[in-house]
Amino acid sequence: MTRLLVSVILTSLGALVYGLLLGGVSRVITASIHGRIGPRLTQNFIDLWKLFRKESSIHHGTMFWMAPMFRLTGGIGVLLLVPIIAGNSVLTNMSFSGDLLLVLYFMFFGCLGMALGAGDSGHPYAVVAVSRGLLQMSAYELSFSAAVLVLALGLGTFSIENIVSAQQGGILNWNVFRFPFATAAALITFLPMNMTYPFNIVLAPQEIPIGPPTEYSSRFLSFMFSGRAIFGVAKLILFVNLFFGGAGSWSSLLIKTFLLYMYPLFVSPVFPRFRTEQSVRFLWFVPTSLVAVDLLRVIL
Amino acid sequence: MVTALAVFLPLLGAFLTAWLTHRNERLSLLITRLFLLAGLAAILVIAARLGAVTDGGLENTMILRTGVMTPPLSIDLKVTGWSALAAVVVYVGALLGVGRFSGRIPGTQPLLLTLVTTSLGLMFATDFFNSFVFIEIGSIITIGLTAAGRCRRRWEVALKTAMISGLVTILYLLAVVIVYRTTGELRLTAISTMTGFPAILVSGLLLTVIMTEIKAFPLSGWGLDFYQGVDKNFAAVYSSTWSLAVLLWSARMLTVLPLPDPGVLARIGAGGLVLGQLAGLRQRDPGRMMGYSTSAYASILLILAGTVHGADYLSLTLLFFTFASLSKTTVFLMADPEEEDDPWKKVSGYVLLLPLLCITGIPPFPVFWAKIRMLTVLADISPLLMGAVILGLFFESVYIYRLWSSRTGPWQKKRKYFDAAFMGAALLAAGTVWTAAGAEQGLSLSGELFRAGFVRDLFLAIFAGGTLLSLPGAFRGGPGEKSPAVWMLVSGVALTLLPLSGNGLTFYVLWEISAFAAVIGVSKGARPSEGTFWFAVFAGAAGYLLLASLVLSDGAVSSPGIPMLLVAAAALLKMGQGGAHLWNVRAYSTAPSTMAAFLSGTSSKAAVFLLVFSASAAAILPLGTSLAWIGALTALGMAAMASLESDYKKVLAYASVSQLGYVIMGIGLTSVLGWTAAIYHTFNHFLFKSILFLGAAGVIARTGTSDYDSLGGLVKRMPLTFTFTLISVIAFAGVPPLSGFGSKWLLYNALVEQGMLPLALVAMFASVVAFLYAFRLLYAVFLGQLAPRHYEVKEAPLAVLAPQGVFTAVLMALSFRPTLLLDRLVPAVASIAGLGGEIPVIEGTALSTSLGYWDAWSVGMMVMGVFGFAFVFYWISGRRPIHVGQLDIGFAGELPPSPEEVHYAGDFFRPFRRALAFLPEIHASKVFGGIVKTADLAGDVFRSLFTGDARTYLLHSLIILTVMILWMKGGTP
Amino acid sequence: MNVFYWTVAGTASGLIIVGLWGVLTRKNILRIGLAFTIADTGVNLLLVWSGYLPGRTTPILNGDVPAAEAVSAVVDPLPQALVLTSIVIGVAVAALFVVVAVLASRRLGTADIRRMKELKW
Amino acid sequence: MIRTLFVLLVLLVLAAAATSVIPHLKMRTELDGAGLEYARRGLEDTGSINLVTAVIVAYRGLDTLGEVVVLFSAATSVMLILSLFPLGRGPTDPSFIVAHTARVLPAPIMLLAVYFTTHSHLSPGGGFPGGTIMASAFLLVMLGSSSTPAGSKILPALEALSGTTFGLLGLWGTMTLGQFLNNRVIGIGNPGYLVSAGIIPLVSLAIGVKVASEFSGIFAAFRKSGGNR
């Protein structure tokens, strides 16, 4: 029990640090693409500390101030449900309490909380963003879960542990090679999942003046910030586990997640932003058709 | 002697009152009543002597000899137990109607009394020519009283009746000539000995006469005009006396007709029933509807005569026609003849309920017992014929429902005016009790139709608990609503008994009682007309499908093959699947909110119960994949509809149908996992849909609106309602750690186990779309900006809040400890024969299959732990913020306009609508509207036969006569 | 021999057909009533005809017809009894029909049956 | 036009279809069926030498009761309707010839009617023809005066009396012999005499009076209905 508690705390803290670090890296790289000097690598830590130290003076209602906690819980929860290093009992955390399906559905938890908080703020733009975000989520979840279900059917299991172990013994056993189309689809959905171009309609700085966090500031924002960072890391680990052979060691975990994290960074700046319905329709059809190819292979 | 008195006393009274009339009206009326009462006493004595009410008593006979010697020289009147009972009804009808009719129009008593003697005479007649004399008297009195009645169109009606009776006279006498010349005598029984062409000719002539007289389609034109135009109080008397007598006489005549093949009658009747009732669908005039109903009963008589024999025939005809006549009399007595266009305008639907239910033959009303017996016989002869009859009866119930639902009057204040009608209703009620007691041996609540066990008990708990918990809120209707509590209770009790029913008949009876009580409950809503109509139509259709299945599978609710298909269709209709959601959406949104909660949360589970229990899994297997696809597509389509809808109750209705789609999917898989998922989700759905609808009831009761645009921000005024709603929304969205996820987990396991990935994808998509409407619901109603007019709104009434609390408690318990249910459910489902697939393993709090695992308890603990940590961390890490005004928002430096304008709720998912634009718009309302329109058009084709020109009606009779003669002649070379 | 028998039958049938034709094609309700009585007459004639036996006398057993020979001397008494009833009924119906028709045409302002179609469909 | 042709077509097809019955309705040369029985035993059973009357009043007395009721219903209906909806055309004064004939003829007509009625079991005649003739006498009286005759007041009473008598005579049979309207409740006497054939003459009389009062009632109703405006 104590071991579990320690493991949970360490994992969460580690993920937070790693997530913030990755965010810093991305800011640096983006700045250099833009030709700017840009922030420091540690800028995210400084921001978080600054935000956390500032008092939030106002709130709009119970749901409003519970939303960041929902967000944090959602992030940590997903992280804890995914075994971080396959075969290492230290960091399996809570993954014994549910399989891939649970992870898929638990990913909604934070989103729902956020959406409710935004709704409770009474700010129409916040809700516009929620509406877009939910729509886009409904679209990419379709193709993502399709990809996941193809894996599950193909490998005959919903257990992440088993999926990872099925990929051992050579790089060609990775699902990225066994199910290339499903992986491609999942990688496409990875973009809207992280709200990068061309799918960043939720934040949409040009259309929605301030976005969902409009009303959030200071300590509230620091919670959401951490939640997002942890959730991001959790998703990276999940992807690595599902498609890229899992992580047998710390080094492979760091390398794989880092590379995966870099991928949108090099894709997104090339594209303009979709309109919401374009995004939704694209996500309905393009990745899902890709999955369909693998699905046919599995069934036949 | 008693027989003679029973028959002729009214006639003596007629002679007496003919003299008294215009001298002393009150004395004359008194004498009329006295003679009728004396006659009634006499016929009761006869009925008792014949033992008419006991088994076999219907065939006991008592002969009244007249003249000299015996038939064929003289004439006998034969009283059987059968006709004695009908004669009782004749007397009762006359007694009920005499005050209302003769009291208003002096001088009619002698004719009325004579009509009674004549009706009895016709029912007892054994002689061919003697019958003719009685028929003529009846026609003359009908014409006379029609012309004397208080109604604007009396001349037209009287003239048409006169012309019809003129034709009948001619055709009948021609038959008399032929019968006498070929058989040498005039007893009715002699007719059956005829052979060759005279037999065909006489059959044709008499069949035409009978069909015209009893108003069987297509010779019903004059009858329709008659019931529409005639003085409704005369129609009251007419229905129970002359109309009944003619029906019963025809019932005897049809058995002696020397037809080459009596099956012809059944075909004519069934065809007439379908087409005639189809024509009736478009009717708006209540009087004319009664005419169409009469025509339906006429067709039923033809069907019975062609298929049923012996004692069954007697009891069936008696049950059908006496109760239908008495019901019609009661209905007509309630009419106010002074209201020319709609005589029932000022009548409340309540008072019409009993007689109309009797007419449509809803269980447990007497006609129902006859109906089911008839269908059983028909099912053995030809399922097609049975189908036609069921279709016709369904059409009838539709327009009868319309007649009932358009009554908006208050309770009648004039008691005196209503005495007779209430007496009629009381008699009907007594008859209902009596026949139900007689049919009791067919009913049982203790048999083994449904395997006793955990699953049955679970449904029992759902039905009982759902009813009890929906009930408190129902006592006070919402704004503009009346209280549906009584009907909810009736419906709920019937539902609760459903799992205990010992045989198919009991099951069906309870099912129908529950359905019609629910229909009435729904009609208590604020804008009930559309919603109730569609609910009634779909519930009716489901009921008739179930009935067909019941009959085809010999008393079990269903058996493999066609009956199973029918049951599945009934269940799908009841659950609004596959496009049938039209009724759910319309009924739930217009019904009282608590009634909607009951229907969606509790009542819809009856259909699941039906599917799970009615047949073995093997029977469902052939339908499984189709069922699963229907469920999946419904789940997806309805979720999308729910996201785009902006009426609170309609959203819940769509959501309800969508969620039940998962249940159907699970059942369609016919595996242990699938059924476990289905039943588990059923229970879940019961919990969260009850909470949601009860919450909606509270919101609507307090704000008076269910429109998203006018709601918003209510979390501040109704925090408890919001909490309950939030929990149930999280549950049905399937977000862990609440219970909805369990259903999803089981379902996906089942789907992947069966390799049905496309289905799993559709289900997955549906559940994601569910997220859209789930959030929109919470946001538009409870979050966002509170409209100023709702500043003073109070928390929902305790009567709906407390049940929500109970439901929520159960839901939470189930969320964290699903094994409380699954521990028992899984073995119970695993023991159902015919279910394939693996059985999930339960270890402690964890559930696992070969695919995956899930431990709700530890997930719950984790979430609580992390959330609690975040919460506490936040709490101790700084000062608490203060709550600011609702318009204190960062608005890019501008002043936000009014709360209503800032609340963004309408067309919330506009991009979604745009993204869906490539799909063709298929609206269920258009599809069903199209079906209705087609039926109407087809009905109009047949309706156009009835041009209103009496000569056309005569021509119809002659054409039918010609066709029948040529047909039968061709049939027997 | 048979000529008389069949002539009566033919006449009666003819009357019935003419009567029905009149009922179905005339527009004036009084004429329709008249057509009914024509058809009625035909039917009554047919009824009497059915009791006809060649060369026999009325069924009254007075001095001319001894009771013992009645069986071979008289015509069938039953149709005669029936036709009496039928005639009386015809008269009664006709009287009522005329009253209704006359009153209808007065009250409705027309005797044309095509104008009496308020109740239909 | 099309309608007429169509009607004609239907009637002709019907008639043509019905012609197949002709071979079955060939002329009889011997009595058979019920007719034979009536001829054989009618006199013995009923005591009426007029077999038609035997059939009408005795064997098939119920038909006759029905027949009376038909008339009764029609008359009552006509009177009822006319009293509710007057015809509205006043009676004209009788012409000289009618007025005088009406004083002379009713008595002999009445006599004839009584003969017809009471001798129904002996000779052609019976309650119906007799009653109709009686009614014609009344009609003549009525036509001969410009107002409704005073006698019309007792018509309903007569009608009620005769009708009730008929009914009670019928019930007498039920009570004594268990057969409604049996004419042998009193002995059938000596066939051929006036007082014979049981209650046939009584029944005939009742029928006659009933028919007469009904027809007269109809006439009176017509006249009254016309006179009210």
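What pLDDT does chain B average, and what share of the residues score at least 70? Chain B averages a pLDDT of 88, and 98% of the residues score at least 70. Keep in mind that this is a predicted model.

**Stop 1: confidence along chain B**

Select chain B and colour by pLDDT. Go to residues 415-438, which form helix 17 of chain B. Confidence in chain B is lowest here, with a mean of 77. Now pick helix 5 of chain B, where confidence is highest, at 94.

**Stop 2: the domains of chain B**

Colour chain B by domain. Domain 1 takes in 127-441 and 950-971. Domain 2 covers 448-537 and 544-615. Domain 3 is made of 618-828 and 897-919. Next, show domain 1 of chain B and domain 3 of chain B together. Their centres, taken over C-alpha atoms, are 50 Å apart.

**Stop 3: where chain B meets chain C**

Display chains B and C. Here 34 residues of chain B are in contact with 34 residues of chain C. Which helices of chain B each supply at least two residues of this side? Select helix 5 (128-148), helix 6 (154-183), helix 9 (221-229) and helix 38 (950-971) of chain B. Helix 6 of chain B gives the largest share, 14 residues. Colour this side of chain B by residue type. It divides into 19 nonpolar, seven polar and eight charged residues.

**Stop 4: strands of chain B**

Select residues 61-66 of chain B, which are strand 1 of that chain. Look for two facing pairs. Leu64(B) stands opposite Leu77(B) in strand 2 of chain B. Ile63(B) stands opposite Lys78(B), also in strand 2 of chain B.

Is strand 2 of chain B largely enclosed or left open by the rest of the structure? It is largely enclosed, because four of its five residues are buried.

Now bring in chain D and select its strand 1, residues 179-180. Strand 1 of chain B is joined to this strand by two bridges, and the two run parallel. Zoom in on Thr66(B), which stands opposite Phe180(D) in strand 1 of chain D.

**Stop 5: chain A on its own**

Hide the other chains. Chain A has eleven helices and one strand. How do its elements run from the N terminus on? The order is α-α-β-α-α-α-α-α-α-α-α-α. The radius of gyration of chain A is 19 Å, close to the 19 Å that the globule rule gives for 300 residues, so chain A is as compact as a globular protein of that length. Its C-alpha trace spans about 55 × 50 × 40 Å along the principal axes.

Colour chain A by burial. Of its 300 residues, 61% are buried. Then look at its contacts between residues at least 6 apart in sequence: 81% of these join residues at least 24 apart.

**Stop 6: chain A and the other chains**

Show every chain again. Four pairs of chains touch, and chains A and B have the most contacts among them. Turn to chains A and C. No contact joins them, and their closest C-alpha atoms lie 52 Å apart. Finish with chains A and D. They do not touch either, and their nearest C-alpha atoms are 64 Å apart.

Methods:
Residues are numbered from 1 along each chain as its sequence is written. Chains are lettered from A and ligands numbered from 1 in the order in which they are written. This is a predicted model: local features need pLDDT of at least 70, side-chain atom pairs count only at pLDDT 80 or more; totals for chains, interfaces and linings use all residues. Two residues are in contact if their C-beta atoms, placed from the backbone, lie within 7 Å. Ala, Val, Leu, Ile, Met, Phe, Trp, Tyr, Cys and Pro count as nonpolar, Asp, Glu, Lys and Arg as charged, and the others, Gly among them, as polar. pLDDT is the predictor's confidence in each residue, from 0 to 100. Domain bounds come from an automatic or database domain assignment. Two strands pair if DSSP finds at least two bridges between them. The radius of gyration is taken over C-alpha atoms; the globule rule is 2.2 Å times the number of residues to the power 0.38. A residue is buried if 20 or more other C-beta atoms lie within 10 Å of its own, exposed if 12 or fewer, and partly exposed in between; C-beta atoms are placed from the backbone.
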